[in-house]
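Subject: The structure and some notes on it

Hi,

Here is the structure I promised to pass on.

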Amino acid sequence: MAEESDLEKTESASPRRIEKAREEGDVPRSKDLATCTILLGGGLAFLMMGGNLIRELKMMVSGGLTLSREEVFDMSLLLERNISRIYEVIIAFSPIALMLLIIALASPLLIGGWLFSTKALEPKFGKLNPLNGLKNMVSMRALVELIKAVGKTLLVGIVAWMVVGTQIDGIMSLGMQPAKVGAEHMGEIILVTFLATVGALVIIAAIDAPYQMWHYANKLKMTKEEVRQEHKDSEGNPEIKAKIRQQQREMARKRMMAEVPKADVVVTNPTRYAVALQYKEGSMGAPVVVAKGMGLIAARIRELAEEHNVPMLEAPPLARALYSHADLEKEIPQALYTAVAEVLAYIYQLRAFKRLGGKRPAKPKKIDVPAHLDPHNNPPQTARLSEQGVAV
């Protein structure tokens with residue numbers, strides 16, 4: 001039962017799923033809303049600018065039927081005249097055409113927004129499969145489209161019949177009216193019938209637009225398994241991420257160990273902690289921690305220090321304080337300057353003794369470390385450690 005529930009599309013589409021669908025040119029669209037918007041915009045445009053258009057067309061028609069003697073006997077003059085008339089017609093219709101173009105481009109923004117995708121233009125040979133075509137013919141979407149088509153036909157037909165029925169007397173009287181009055185009356189009847197019919201399409205568009213949005217959201221729904229897989233793809237496989245982190249720790253550890261031979265001194269606990277310090281006068285403001293660790297890591301630091309003759313000094317409180325409060329590859333805290341200075345002074349004296357001889361310097365017996373920096377005196381501030389003994 002759990003496997004069946006994981007395969008059911010019960011989860012809403014993720015932002016990545018929606019973005020991928022848009023990249024492929026798949027967005028919610030309502031043809032009825034676009035058609036209704038264009039027809040309604042065209043009707044309103046003709047209502048606002050139709051009077052001026054009719055007057056210009058009337059002048060062009062009357063002027064076109066008046067020919068001079070030269071135009072009657074010279075075909076080139078007649079052709080030139082007709083071309084100029086065509087330009088005039090185009091200019092007369094251009095305001096309405098421009099308005100319709102703007103409406104046609106803006107109507108997709110109502111649902112789904114503006115989108116241009118080249119993937120939607122790529123040929124898909126699966127659409128040529130007759131079996132897929134038969135499946136589409138008997139699908140639920142095809143049934144819904146059939147019901148919509150029948151509903152649109154009935155609704156538009158009923159509205160047109162009702163509007164024309166109220167205009168019967170006016171239509172019958174057109175033949176008895178003067179040509180100018182009759183033409184104006186007929187134009188009013190046609191315009192009223194057109195707007196009423198388009199008004200019926202508004203009802204259809206108001207139903208179709210929410211349906212298309214619901215259908216689109218339902219089509220993009222995901223199964224729980226798809227959600228988990230997408231999360232893995234976007235966030236990365238946990239096992240792979242853990243392996244990458246482990247490799248990063250190993251690389252950081254190797255880099256740290258490579259710095260131990262360059263250290264001036266290694267402060268030890270003596271066995272639990274080990275911190276390697278380096279100080280270059282002139283280029284460093286304070287000593288820097290080049291390596292630190294506990295347990296096995298501390299043992300490896302001591303081995304490298306012994307192999308490369310790096311001096312080691314046993315100072316448990318200072319080792320604990322440096323390990324807990326000094327960051328790797330960073331200068332030591334200011335509160336430990338005095339303690340570390342005492343250690344470095346001993347190391348410099350030891351180097352001078354080995355080089356020049358004389359009296360061997362005595363190891364510092366007790367190095368003062370501020371009590372609040374020693375983890376033994378303040379356990380809650382102890383650094384969080386991994387199983388391998390590396391501070392995290």
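Let me start with the strands: S3 and strand S6 (residues 312-314) pair in the parallel sense, over 3 bridges. Helices and strands here are DSSP runs numbered from the N terminus, with at least four residues (H or I) for a helix and at least two (E) for a strand, and two strands pair if DSSP finds at least two bridges between them. In this pairing Val-266 stands opposite Met-312 in S6.

Before I go on, a word on the source: this is a predicted model, in which local features need pLDDT of at least 70 and side-chain atom pairs count only at pLDDT 80 or more, while totals for chains, interfaces and linings use all residues. Residues are numbered from 1 along each chain as its sequence is written, and side-chain values use heavy atoms, with hydrogens and water left out.

Back to S3, which covers residues 265-268. It also runs antiparallel to strand S4 (residues 273-278), joined by 4 bridges, and a hairpin of 4 residues links S3 to S4. Here Val-267 stands opposite Val-275. Both faces of S3 are covered: Val-265 and Val-267 on one side, and Val-266 and Thr-268 on the other, are all buried. Buried means under 20% relative accessible area, exposed means over 50%, and partly exposed is in between (1.4 Å probe, protein chains only).

As for the whole chain, there are 14 helices and 6 strands, and 29% of the 392 residues count as buried. Among contacts (heavy atoms within 4.5 Å) with a separation of 6 or more, 72% are between residues 24 or more positions apart. The chain exposes about 26100 Å², 63% of it supplied by carbon and sulfur atoms; the areas come from the Shrake-Rupley method with a 1.4 Å probe, and for residues only the protein chains shown count as cover.

Next, the aromatic residues. A search of the whole structure finds 2 aromatic pairs. The ring centres of Tyr-211 and Trp-214 are 6.0 Å apart and the planes are at 35°, so this pair is tilted. (Rings of Phe, Tyr and Trp, the last by its six-membered ring, pair if their centres lie within 6.5 Å; planes under 30 degrees apart count as stacked, over 60 as edge-to-face and the rest as tilted.) Both residues lie in helix H9, 3 residues apart, about one turn of the helix, and Trp-214 is exposed at 51% relative accessibility. Tyr-273 and Tyr-323 form a tilted pair too, with 5.1 Å centre to centre and 55° between the planes. Tyr-273 is in strand S4 and Tyr-323 in helix H13 (residues 316-325), so the pair ties together parts 50 residues apart in sequence. Both tyrosines, Tyr-273 and Tyr-323, are buried.

Two aspartates may interest you as well. Is Asp-208 buried or exposed? Asp-208 has 3% relative accessibility and so counts as buried. Its place is in helix H9 (residues 179-219), and, leaving aside residues up to four places away in sequence, Asp-208 touches Ser-30, Lys-31, Asp-32 and Lys-148. Asp-368, in the segment after helix H14 (337-356), counts as exposed at 58% relative accessibility.

Finally, Val-150 in helix H7 (residues 140-166) is partly exposed, with a relative accessible area of 44%.

Best wishes
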